[in-house]
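Please look over the structure shown below before reading on. The briefing that follows takes up its aromatic pairs and then one of its sheets.

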Amino acid sequence: LARPSGASVWEAVLDVERMPYLRDHRVGGKTVVPASLFVEMAIAASTEEVDAKRLTLRDVELLRALVLPDDGAVRLQLFSSVDDAGATRIEIWSKPEGEPRASFTLHVTAIVETPKGSLVPSVLPAAKGGDPIPGADVYAAFRRSGEEYGAAFQGIQRLWREASSSVLAELAAPRSIAADVNRYYFHPALLDACMHCMAAARTH
(Lines give C-alpha, C1' and ligand atoms only; values in the text may rest on other atoms or scores of the structure.)
Protein backbone atom coordinates (compact mmCIF):
# COMPACT_ATOMS: atom_id res chain seq x y z
CA LEU A 1 0.00 0.00 0.00
CA ALA A 2 1.39 3.41 -0.95
CA ARG A 3 2.30 5.46 2.10
CA PRO A 4 0.64 8.92 2.32
CA SER A 5 3.15 11.74 1.98
CA GLY A 6 4.97 12.31 5.26
CA ALA A 7 3.21 9.43 7.03
CA SER A 8 4.71 6.99 9.51
CA VAL A 9 3.74 3.36 9.05
CA TRP A 10 3.45 0.34 11.32
CA GLU A 11 2.90 -3.18 10.01
CA ALA A 12 1.94 -6.42 11.69
CA VAL A 13 0.56 -9.86 10.87
CA LEU A 14 -2.55 -10.86 12.80
CA ASP A 15 -4.14 -14.27 13.24
CA VAL A 16 -5.86 -16.31 15.92
CA GLU A 17 -2.66 -18.23 16.64
CA ARG A 18 -0.84 -15.05 17.70
CA MET A 19 -3.85 -13.70 19.59
CA PRO A 20 -5.96 -16.73 20.52
CA TYR A 21 -8.34 -14.68 22.69
CA LEU A 22 -9.76 -13.19 19.48
CA ARG A 23 -11.48 -16.53 18.84
CA ASP A 24 -13.88 -15.50 21.61
CA HIS A 25 -15.16 -12.50 19.63
CA ARG A 26 -17.57 -13.91 17.06
CA VAL A 27 -20.43 -12.37 15.12
CA GLY A 28 -22.65 -14.53 12.96
CA GLY A 29 -20.31 -17.47 13.50
CA LYS A 30 -17.21 -15.60 12.27
CA THR A 31 -14.21 -14.29 14.19
CA VAL A 32 -14.38 -10.51 13.92
CA VAL A 33 -11.63 -8.19 15.13
CA PRO A 34 -13.16 -6.01 17.87
CA ALA A 35 -13.15 -2.26 17.39
CA SER A 36 -11.29 -2.04 20.70
CA LEU A 37 -8.21 -3.66 19.13
CA PHE A 38 -8.10 -0.91 16.50
CA VAL A 39 -8.32 1.66 19.30
CA GLU A 40 -5.41 -0.03 21.09
CA MET A 41 -3.37 0.04 17.87
CA ALA A 42 -4.05 3.74 17.37
CA ILE A 43 -3.05 4.56 20.94
CA ALA A 44 0.11 2.44 20.79
CA ALA A 45 1.28 4.04 17.54
CA SER A 46 0.45 7.55 18.70
CA THR A 47 2.43 7.22 21.93
CA GLU A 48 5.51 6.53 19.80
CA GLU A 49 4.83 9.59 17.66
CA VAL A 50 3.63 12.17 20.17
CA ASP A 51 5.61 13.28 23.22
CA ALA A 52 2.66 13.62 25.60
CA LYS A 53 1.41 11.86 28.71
CA ARG A 54 -2.21 12.07 27.57
CA LEU A 55 -3.84 11.68 24.19
CA THR A 56 -7.38 12.15 22.95
CA LEU A 57 -8.79 9.84 20.30
CA ARG A 58 -11.77 11.31 18.46
CA ASP A 59 -13.80 10.94 15.28
CA VAL A 60 -13.22 7.19 15.21
CA GLU A 61 -14.92 5.79 12.10
CA LEU A 62 -15.34 2.03 11.74
CA LEU A 63 -15.70 1.68 8.00
CA ARG A 64 -15.62 -2.07 7.54
CA ALA A 65 -15.38 -5.09 9.81
CA LEU A 66 -12.25 -7.23 9.69
CA VAL A 67 -13.06 -10.95 9.67
CA LEU A 68 -10.18 -13.26 10.61
CA PRO A 69 -9.90 -16.60 8.82
CA ASP A 70 -9.86 -19.76 10.91
CA ASP A 71 -6.72 -20.76 9.00
CA GLY A 72 -4.47 -18.02 7.70
CA ALA A 73 -3.64 -14.47 8.64
CA VAL A 74 -4.08 -10.86 7.63
CA ARG A 75 -1.44 -8.17 7.21
CA LEU A 76 -2.24 -4.90 8.96
CA GLN A 77 -0.83 -1.50 8.10
CA LEU A 78 -1.36 1.57 10.26
CA PHE A 79 -0.59 5.00 8.82
CA SER A 80 -0.13 8.09 10.97
CA SER A 81 0.07 11.51 9.32
CA VAL A 82 -0.45 15.13 10.34
CA ASP A 83 -3.32 16.83 8.51
CA ASP A 84 -3.58 20.47 7.44
CA ALA A 85 -5.09 21.45 10.81
CA GLY A 86 -2.16 19.96 12.73
CA ALA A 87 -4.05 16.92 14.06
CA THR A 88 -2.73 13.38 13.63
CA ARG A 89 -4.83 11.20 11.34
CA ILE A 90 -4.79 7.43 11.79
CA GLU A 91 -5.71 4.92 9.10
CA ILE A 92 -5.74 1.13 9.57
CA TRP A 93 -5.76 -1.14 6.51
CA SER A 94 -5.60 -4.89 5.98
CA LYS A 95 -5.13 -7.51 3.29
CA PRO A 96 -4.96 -11.31 3.34
CA GLU A 97 -1.44 -12.48 4.17
CA GLY A 98 0.31 -14.43 1.42
CA GLU A 99 -1.85 -13.04 -1.40
CA PRO A 100 0.34 -10.48 -3.20
CA ARG A 101 -2.38 -9.52 -5.68
CA ALA A 102 -5.00 -8.85 -3.02
CA SER A 103 -5.98 -5.25 -2.37
CA PHE A 104 -5.80 -3.49 0.97
CA THR A 105 -9.09 -2.60 2.69
CA LEU A 106 -9.49 0.48 4.87
CA HIS A 107 -11.14 -0.42 8.18
CA VAL A 108 -10.68 2.51 10.54
CA THR A 109 -9.87 6.21 10.53
CA ALA A 110 -9.41 8.37 13.62
CA ILE A 111 -7.93 11.64 14.83
CA VAL A 112 -5.43 11.84 17.70
CA GLU A 113 -4.86 15.08 19.60
CA THR A 114 -3.02 16.22 22.71
CA PRO A 115 -5.72 17.39 25.16
CA LYS A 116 -5.49 20.77 26.81
CA GLY A 117 -6.13 21.36 30.51
CA SER A 118 -5.96 18.93 33.38
CA LEU A 119 -7.86 15.78 34.15
CA VAL A 120 -10.88 16.09 36.42
CA PRO A 121 -11.33 12.82 38.33
CA SER A 122 -14.84 11.43 38.20
CA VAL A 123 -16.68 10.01 41.18
CA LEU A 124 -18.12 6.55 40.69
CA PRO A 125 -21.78 6.63 41.70
CA ALA A 126 -23.27 4.04 43.99
CA ALA A 127 -25.51 1.48 42.32
CA LYS A 128 -29.14 2.39 42.81
CA GLY A 129 -30.90 0.57 40.02
CA GLY A 130 -32.30 -2.30 42.05
CA ASP A 131 -31.09 -5.87 41.77
CA PRO A 132 -28.07 -6.34 39.49
CA ILE A 133 -28.28 -8.29 36.24
CA PRO A 134 -25.73 -11.16 36.29
CA GLY A 135 -23.10 -10.96 33.58
CA ALA A 136 -24.11 -14.41 32.32
CA ASP A 137 -27.60 -13.07 31.55
CA VAL A 138 -26.16 -10.08 29.70
CA TYR A 139 -24.08 -12.32 27.43
CA ALA A 140 -26.95 -14.75 26.91
CA ALA A 141 -28.94 -11.82 25.48
CA PHE A 142 -26.06 -10.97 23.15
CA ARG A 143 -25.92 -14.58 21.92
CA ARG A 144 -29.60 -14.44 21.02
CA SER A 145 -28.83 -11.48 18.75
CA GLY A 146 -25.97 -13.30 16.99
CA GLU A 147 -23.05 -11.82 18.96
CA GLU A 148 -21.03 -14.65 20.49
CA TYR A 149 -18.67 -13.50 23.23
CA GLY A 150 -16.53 -16.29 24.59
CA ALA A 151 -14.87 -16.37 28.00
CA ALA A 152 -12.13 -13.83 27.17
CA PHE A 153 -14.71 -11.20 26.22
CA GLN A 154 -17.13 -11.73 29.11
CA GLY A 155 -15.81 -8.93 31.28
CA ILE A 156 -19.16 -7.81 32.71
CA GLN A 157 -19.67 -9.36 36.14
CA ARG A 158 -22.80 -7.49 37.17
CA LEU A 159 -24.81 -4.69 35.64
CA TRP A 160 -27.33 -2.25 37.11
CA ARG A 161 -29.78 -0.24 35.03
CA GLU A 162 -29.54 3.31 36.35
CA ALA A 163 -32.06 5.00 34.07
CA SER A 164 -33.78 4.46 30.75
CA SER A 165 -30.50 4.85 28.85
CA SER A 166 -27.68 4.38 31.34
CA VAL A 167 -26.13 1.51 33.27
CA LEU A 168 -23.51 0.95 35.96
CA ALA A 169 -21.40 -2.19 35.65
CA GLU A 170 -18.80 -4.16 37.56
CA LEU A 171 -16.04 -5.39 35.22
CA ALA A 172 -13.16 -7.81 35.75
CA ALA A 173 -10.50 -9.31 33.52
CA PRO A 174 -11.48 -12.90 32.69
CA ARG A 175 -8.95 -15.51 33.82
CA SER A 176 -7.88 -16.34 30.24
CA ILE A 177 -6.52 -12.80 29.64
CA ALA A 178 -5.58 -11.70 33.17
CA ALA A 179 -1.87 -12.44 32.71
CA ASP A 180 -1.72 -10.32 29.55
CA VAL A 181 -3.57 -7.21 30.72
CA ASN A 182 -0.40 -5.23 31.45
CA ARG A 183 0.94 -5.81 27.94
CA TYR A 184 -1.61 -3.32 26.62
CA TYR A 185 -2.55 0.29 27.30
CA PHE A 186 -6.14 -0.96 27.67
CA HIS A 187 -6.63 -4.64 26.93
CA PRO A 188 -8.98 -4.90 23.92
CA ALA A 189 -11.19 -7.49 25.62
CA LEU A 190 -11.72 -5.23 28.65
CA LEU A 191 -12.31 -2.15 26.52
CA ASP A 192 -14.78 -4.19 24.50
CA ALA A 193 -16.59 -5.03 27.75
CA CYS A 194 -17.06 -1.28 28.29
CA MET A 195 -18.70 -1.15 24.87
CA HIS A 196 -20.91 -4.09 25.87
CA CYS A 197 -22.21 -1.91 28.71
CA MET A 198 -23.29 0.75 26.24
CA ALA A 199 -25.04 -1.86 24.12
CA ALA A 200 -26.70 -3.33 27.22
CA ALA A 201 -28.04 0.11 28.12
CA ARG A 202 -30.07 0.00 24.93
CA THR A 203 -31.20 -3.62 25.06
CA HIS A 204 -31.65 -4.71 28.71
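A residue is called buried when its relative accessible area is under 20%, exposed when that area is over 50%, and partly exposed in between (1.4 Å probe, protein chains only). This is a predicted model, in which local features need pLDDT of at least 70 and side-chain atom pairs count only at pLDDT 80 or more, while totals for chains, interfaces and linings use all residues. Residues are numbered from 1 along each chain as its sequence is written, and side-chain values use heavy atoms, with hydrogens and water left out.

**Aromatic pairs**

- Rings of Phe, Tyr and Trp (its six-membered ring) pair if their centres lie within 6.5 Å, and planes under 30 degrees apart count as stacked, over 60 as edge-to-face and the rest as tilted.
- Four aromatic pairs are found in a search of the whole structure, among them the tilted pair of Tyr 21 and Phe 153, at 5.9 Å centre to centre and 35° between the planes.
- Tyr 21 is buried at a relative accessible area of 11%, and Phe 153 is buried at 0%.
- The rings of Tyr 139 and Tyr 149 form an edge-to-face pair, because their planes stand at 75°, with the centres 5.9 Å apart.
- Both Tyr 139 and Tyr 149 are buried, and together with Phe 142 they form one aromatic cluster.

**Sheet**

- Strands (E, at least two residues) and helices (H or I, at least four) are DSSP runs, numbered from the N terminus, and two strands pair if DSSP finds at least two bridges between them.
- Four strands make an open sheet in the order β5-β3-β2-β10, with antiparallel pairing, and its edge strands, β5 (67-68) and β10, each pair on one side only.
- Thr 31 has Leu 68 in β5 as its bridge partner.
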